[in-house]
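Thanks for coming, everyone. Please look at the screen, and I'll walk you through what is there.

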Amino acid sequence: MIFSAAVVLLGMLVSTSASGTGTSLDPCVPDDCGIGATSCVFDVKLVAVGNAVAYFEFDACPGVQQPTLGLKRDVTYRFNQYDSTNIMHPLGLAYYTDGAHNDVEELEPTIVPPGTTSSCDTNNGCPAPMYYQGETFQGNFVASGGGGADFGLDAYEPFFKYPDFAWGGPDAGPNTIPAVSPSGVAVTAPLNWNMRITQTATDFDQDFFYFCHIHTGMSGRIKQLAADGTILSPNDFPALFPASLYPAPEYKVVSTGQEQICGTVGLNTFFEDTHNGKCPTSFICTEGLSFDTESANFNECLDAMDCAMQFNMIIVPNATDPIVTFVHSMVPHHINAIQMCKTLMQTGLEDDAFLALCWNIVNTQSLQIMEMNEYLASNSIPEGSAKCFDTPAAALAGSANNNGNSEPFSNQEPFFISITVFVAATFVVAVGSFFAARRYFEGNEEANVVGGKSVKMVDDNAL
Ligand SMILES: *[C@@H]1O[C@H](CO)[C@@H](O)[C@H](O)[C@H]1NC(C)=O
């Protein structure tokens with residue numbers, strides 16, 4: 001009895017210390033990566049849960065959204081992107097969140113790690129990911145100056161945009177062989193894409209990040225470890241998803257609370273019949289009917305996300321630019337498609353055709369959201385339009401603007417509400433424009449601080 005308890009306890013200790021829990025205090029490390037190991041392996045796949053797209057999952061710490069990884073200096077880590085869920089998600093490494101998506105530096109042979117005095121750039125020797133197909137290096141980089149700075153990304157990344165038959169379908173395991181490469185070259189070896197990193201800069205202890213070269217918002221932290229596993233830089237620096245760059249909360253949150261049954265983020269205040277005053281009606285009619293648990297969960301999620309979409313699509317249109325109005329309306333619409341698919345996958349979806357369909361929706365529509373938001377950014381327009389509820393009506397009602405929560409409108413039509421708000425706003429402007437404008441800007445400022453002015457699929461109060 002005592003013996004078996006000791007064995008169980010030992011087993012727990014070993015399994016905990018071997019792989020970590022994926023937090024900053026207890027980073028995720030490969031199982032085979034003890035003291036003295038010189039090469040370690042992470043198997044990578046993606047799970048369509050949480051944040052804007054999906055999260056990278058590492059076999060060493062399954063189920064952890066956006067896990068923090070632990071990497072030792074001078075040890076070579078191999079990230080196997082064999083699983084077909086890696087399609088559209090070539091893994092990169094950057095010194096700051098999201099790398100080139102934010103015009104910040106990535107790990108490259110010619111980029112000196114920030115805060116160091118290294119001259120690694122003179123011989124292409126700075127720490128950088130190296131991209132492989134199986135055992136074949138895809139670049140022409142040779143350490144210590146030979147060959148140039150090509151570390152293989154230009155060959156690697158295009159394959160990840162390739163149709164999924166290159167991977168053999170959603171459950172195919174190791175990559176299968178496509179007929180031709182994206183550049184038209186016949187491919188005869190298994191794909192087995194993998195990225196490898198050996199961090200050799202001795203004066204660089206700071207955290208860095210993994211990210212997706214195609215999608216923003218999928219970054220996770222990497223903490224550097226000493227040979228014995230001690231964390232070199234206990235502070236979480238630089239920030240992951242700094243608020244200045246990521247006002248939209250969906251990028252930086254994992255599913256919590258009720259929304260976990262949906263696999264989404266941002267739904268927690270849109271549930272139940274009342275939808276917290278955000279929607280006038282139920283989007284599903286379940287009265288008198290009975291459902292199994294899976295279906296009941298799906299229905300509840302659908303109701304919440306449909307309310308969120310409607311709530312976020314009631315917007316103030318742009319006076320001169322229909323594209324702006326289109327983007328402000330289409331982004332919540334796309335988010336709904338993505339969320340519906342995440343929720344369908346959460347039901348334990350096993351239908352291969354629907355799995356492929358849903359991954360396609362998640363990957364491509366999130367990319368389209370990025371593209372649409374780029375139009376706004378290039379015109380210096382905030383991602384989230386002013387919503388009809390972000391008007392002086394809240395000031396008129398004498399309560400703080402918190403995106404309509406102070407104005408529950410159950411049993412009324414949104415159109416009617418919009419008209420009412422419009423009339424009220426006009427009245428306020430006419431009577432006291434200075435007062436109204438001041439309250440308006442105060443209200444917007446508060447909303448931005450709390451939850452961001454972006455696509456607003458997340459209710460501010462949820463955070
Ligand atoms: C409306 O669109 C135009 C053109 O893209 C832009 O300059 C303007 O700032 C937009 N207005 C608002 C309120 O976003």
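Let's begin with a question: which strands do the buried residues of α2 pack against? They pack against β6, residues 130-133, and β8, residues 193-198. Keep in mind that this is a predicted model.

Now the helix itself. Helix α2 covers residues 153-160. Its buried residues are Leu153, Ala155, Tyr156, Phe159 and Phe160. Look down the axis of α2: those buried residues fall within an arc of 165 degrees, so they line one face of the helix. An α-helix has 3.6 residues a turn, so residues three or four places apart point the same way.

Next, the sheet. Six strands make an open sheet, in the order β2-β1-β4-β8-β6-β7. The pairing is mixed. At the edges sit β2, residues 55-58, and β7, residues 136-137. Each of these edge strands pairs on one side only. Find β8 and β6 in that order. Those are the strands that α2 packs its buried residues against.

Let's zoom in on one pair. Strand β1, residues 39-47, runs parallel to β4, residues 76-80. The two are joined by 5 bridges. Ser39 stands opposite Thr76 in β4.

Now the ligand. Which residues are around it? They are Asn318, Thr320, Asp321, Val324, Asn379 and Ile381. That shell divides into 2 nonpolar, 3 polar and 1 charged.

Last, the whole chain. There are 7 helices and 10 strands. Of the 463 residues, 44% count as buried. Take the contacts with a separation of 6 or more: residues 24 or more positions apart account for 63% of them.

Note on methods:
Residues are numbered from 1 along each chain as its sequence is written. This is a predicted model: local features need pLDDT of at least 70, side-chain atom pairs count only at pLDDT 80 or more; totals for chains, interfaces and linings use all residues. A residue is near a molecule or strand if its C-beta atom, placed from the backbone, lies within 6 Å of it. Ala, Val, Leu, Ile, Met, Phe, Trp, Tyr, Cys and Pro count as nonpolar, Asp, Glu, Lys and Arg as charged, and the others, Gly among them, as polar. A residue is buried if 20 or more other C-beta atoms lie within 10 Å of its own, exposed if 12 or fewer, and partly exposed in between; C-beta atoms are placed from the backbone. Helices (H or I, at least four residues) and strands (E, at least two) are DSSP runs, numbered from the N terminus. The arc is that of the directions from the helix axis to the C-beta atoms. Two residues are in contact if their C-beta atoms, placed from the backbone, lie within 7 Å. Two strands pair if DSSP finds at least two bridges between them.
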